Amino acid sequence: MIFSLLVQEGPVGRQSSHSAYRFACELIRRGHTLYRVFFFGDGVHNSTRLNCAAGGETDLPLAWQQLAAEHGIDLVSCVSSALRRGIVDEPQAARHGRDAASLRAGFELSGLGQLVEACLRSDRVVDFGG
């Protein structure tokens, strides 16, 4: 079965992102395909390279990055949500006059069309944090 995930909460403060990550790992373990993880609203905080996990905490953005690299998973952060939260890639940084990008490698910024496509290509879309 092909799954996509919608993650709407950041990596700290609530369990939704961590639950989504554990769900993703379990899907893969059971032989399912994870097509795309779409980060929306505060969920885009999972895609910043600037957050640091406190001692003993799971570095959830790093965990997403590693899972995607290992299994070829598409990680997409909503560009509108990201811009509002100071998360930009190189083209957006240049476009908006910022001196550096803050998007973590392995993630991409894109619009809601990517979420629509994920819905069309997946057997199930599971929402975390909505």
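These legends describe close-up views of a predicted model. Local features need pLDDT of at least 70, side-chain atom pairs count only at pLDDT 80 or more, and totals for chains, interfaces and linings use all residues. Residues are numbered from 1 along each chain as its sequence is written, and side-chain values use heavy atoms, with hydrogens and water left out.

**View A. Ser47 sits in the loop between strand S2 (33–39) and helix H2 (60–71).** Helices (H or I, at least four residues) and strands (E, at least two) are DSSP runs, numbered from the N terminus. Ser47 has 0% relative accessibility, so it counts as buried (under 20% relative accessible area; exposed is over 50%, partly exposed in between; 1.4 Å probe, protein chains only). Its side chain makes a polar contact with the side chain of Ser77, at 2.9 Å. Such a contact is a pair of N or O atoms within 3.5 Å; within protein, one must be able to donate a hydrogen and the other to accept it, and residues adjacent in sequence count only if both atoms are side-chain atoms.

**View B. The largest nonpolar core has 25 residues.** A nonpolar core is a set of buried Ala, Val, Leu, Ile, Met, Phe, Trp, Tyr and Cys residues joined through side-chain atoms within 4.5 Å. Trp64 is among those with the most contacts inside the core. Strand S1 (2–7), helix H1 (16–29), S2, H2 and strand S4 (107–110) each give two or more residues. A second, separate core of five residues includes Leu6 and Phe38.

**View C. H2 has buried residues, among them Leu60, Trp64 and Leu67.** Their cover includes S1, H1 and strand S3 (74–78). After H2 comes Gly72, with a positive phi near 65°.

Conventions:
Contact = heavy atoms within 4.5 Å.
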